[in-house]
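Subject: Structure handover and notes

Hello,

Here is the structure to be handed over. My notes on it follow below.

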Amino acid sequence: MSHKVLIPQAVAKEGVELLKSYGFEIKHGSGASEEDLIKDVADCDAILLRTAPCTEAVLKAGKNLKIVARHGAGYNNVDLEAAAKLGIWATNAPDSTTNTVAEFVLGAILAVSKRIFLMNKKIKEGDFFFKNNHKGMDLTGKKLGVVGFGRIGRKVAYKAFYGLGMEILAYDPFLTKENCPDYVTICDWETIFKESDIISLHMPLIKENIGCVGKKEFTNMKKSAHFINCARGEVVNEKELIEALKTEEIAGAFLDVFEQEPPSEDNPLLSMDNVIVTPHMASNTEECMILMAVQAASEIVKVLSNEKPCWPVNNPVGK
């Protein structure tokens, strides 16, 4: 009997074709809600998961389930503890998004420093000379604070240092002199917000990080500093960020993520001139979507072939 793989949301065809090449049956989901997954997973051996919630109830409904393979680096939509107790592997594709997201963040750094989106808006409104009293800033010699120095944070630092000539400050609880590039200055939490000209968040969404960036951090930043979040919206206290932007406690922000997605239509961040917003799209390229799908599919192939996965994010009982 062939294995069956549930795909609740569409992924790149290359990932689907890889699964089919091993003789696996593909079951395209009826939806991406918890209720949909509970119904669809009953006869499946694996889930190739994008953003749908993989709760304990979903995992228990998958009587034959052996692996939940996340499409991308994050895995906060998977109940890892429940999966481990049920003997189900949970995996991610940790390096699939690294370069793509780092390129996007580099674009965000350029956008906020040169005020590109605001100038685009003003010239379309007929104000060609708005630029005269609203100048940007050069990046060479400016301090980029990278908060979270994992794969993406390291890649952003590398590109900003070698490509833009920026000074790099970094905070990460696991960062040491031994595992830190020589062009990076390790900072504590307070110092990195105080000294940086641009802050870029690259923190995972874990319980300890929810709302950890708020009023204290924004008050500590330079009034000329810009704030970039292309990580997870929930790590920022959005209400306090809005207040910091309204009162010009900080100069501006570039946000690819929000506390609630999609954000409500009346969210003030959507109408502020000193804020650039994008719809959680840092990894949304053709190449990255293929890589995420293929890497997730390859983990399914390994587990359903009775091998251990390359990128587990839990430790299942009995495995």
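Is Lys-143 buried, partly exposed or exposed? Lys-143 is partly exposed, with a relative accessible area of 25%. Here buried means under 20% relative accessible area, exposed means over 50%, and partly exposed lies in between, with a 1.4 Å probe and protein chains only.

Some ground rules come before the rest. This is a predicted model, in which local features need pLDDT of at least 70 and side-chain atom pairs count only at pLDDT 80 or more, while totals for chains, interfaces and linings use all residues. Residues are numbered from 1 along each chain as its sequence is written, and side-chain values use heavy atoms, with hydrogens and water left out.

The sheet

Seven strands make up an open sheet with parallel pairing, in the order 8-7-6-9-10-11-12. Helices (H or I, at least four residues) and strands (E, at least two) are DSSP runs numbered from the N terminus, and two strands pair if DSSP finds at least two bridges between them. Strand 8 (184-186) and strand 12 (275-277) are at the edges; each has a single partner strand, so one side of each lacks a neighbour in the sheet. On average, neighbouring strands of this sheet are turned by 20° against each other, direction ignored. The axes behind that angle are lines fitted to C-alpha atoms, for helices over the stretch in contact, and angles run from 0 to 180 degrees between N-to-C directions.

Ile-198 has His-226 of strand 10 opposite.

Salt bridges

Side chains of opposite charge can pair when their charged atoms come close. A salt bridge here is a side-chain nitrogen of Lys or Arg within 4 Å of a carboxyl oxygen of Asp or Glu. By this rule there are 15 salt bridges.

Lys-143 takes part in one of these, with Glu-195, and the closest N and O atoms are 3.9 Å apart. Glu-195 belongs to helix 8 (residues 189-195) and Lys-143 to strand 6 (residues 143-147), so the pair ties together parts 52 residues apart in sequence. Glu-195 is partly exposed, at 32% relative accessible area.

Glu-25 forms a salt bridge with Lys-4, with 3.7 Å between the closest N and O atoms. This pair links distant parts of the chain, since Glu-25 is in strand 2 (residues 25-28) and Lys-4 in strand 1 (residues 4-7), 21 residues apart. Glu-25 counts as partly exposed at 39% relative accessibility, whereas Lys-4 is buried at 16%. Lys-4 and Glu-25 also belong to a network of salt bridges with Lys-27 and Asp-43.

A further salt bridge joins Glu-249 and Lys-223, the closest N and O atoms being 3.6 Å apart. Glu-249 is in the loop between helix 10 (238-246) and strand 11, and Lys-223 is in the loop between helix 9 (215-220) and strand 10, 26 residues apart. Glu-249 is partly exposed at 21%, while Lys-223 is exposed at 55%.

Aromatic rings

The structure holds ten aromatic pairs. Rings of Phe, Tyr and Trp (its six-membered ring) pair if their centres lie within 6.5 Å; planes under 30 degrees apart count as stacked, over 60 as edge-to-face and the rest as tilted. Phe-104 and Phe-254 form an edge-to-face pair, 5.8 Å centre to centre with 75° between the planes. The two are 150 residues apart, with Phe-104 in helix 5 (residues 98-114) and Phe-254 in strand 11 (residues 252-255). Phe-104 is buried at 17% relative accessibility, and Phe-254 is buried at 3%.

Tyr-158, Phe-161, Tyr-162 and Tyr-183 form one aromatic cluster. Elsewhere, the charged end of Lys-122 sits over the ring of Phe-130, 5.0 Å from its centre; the rule is NZ of Lys or CZ of Arg within 6 Å of the ring centre and within 35 degrees of the ring normal.

Cysteines

How many disulfides are there? The count is zero, a disulfide being a pair of cysteine sulfur atoms within 2.5 Å. The sulfur of Cys-230 is 13 Å from the closest cysteine sulfur, that of Cys-288, which is too far for a bond. Cys-230 is buried at 10% relative accessibility, and Cys-288 is buried at 1%.

Regards
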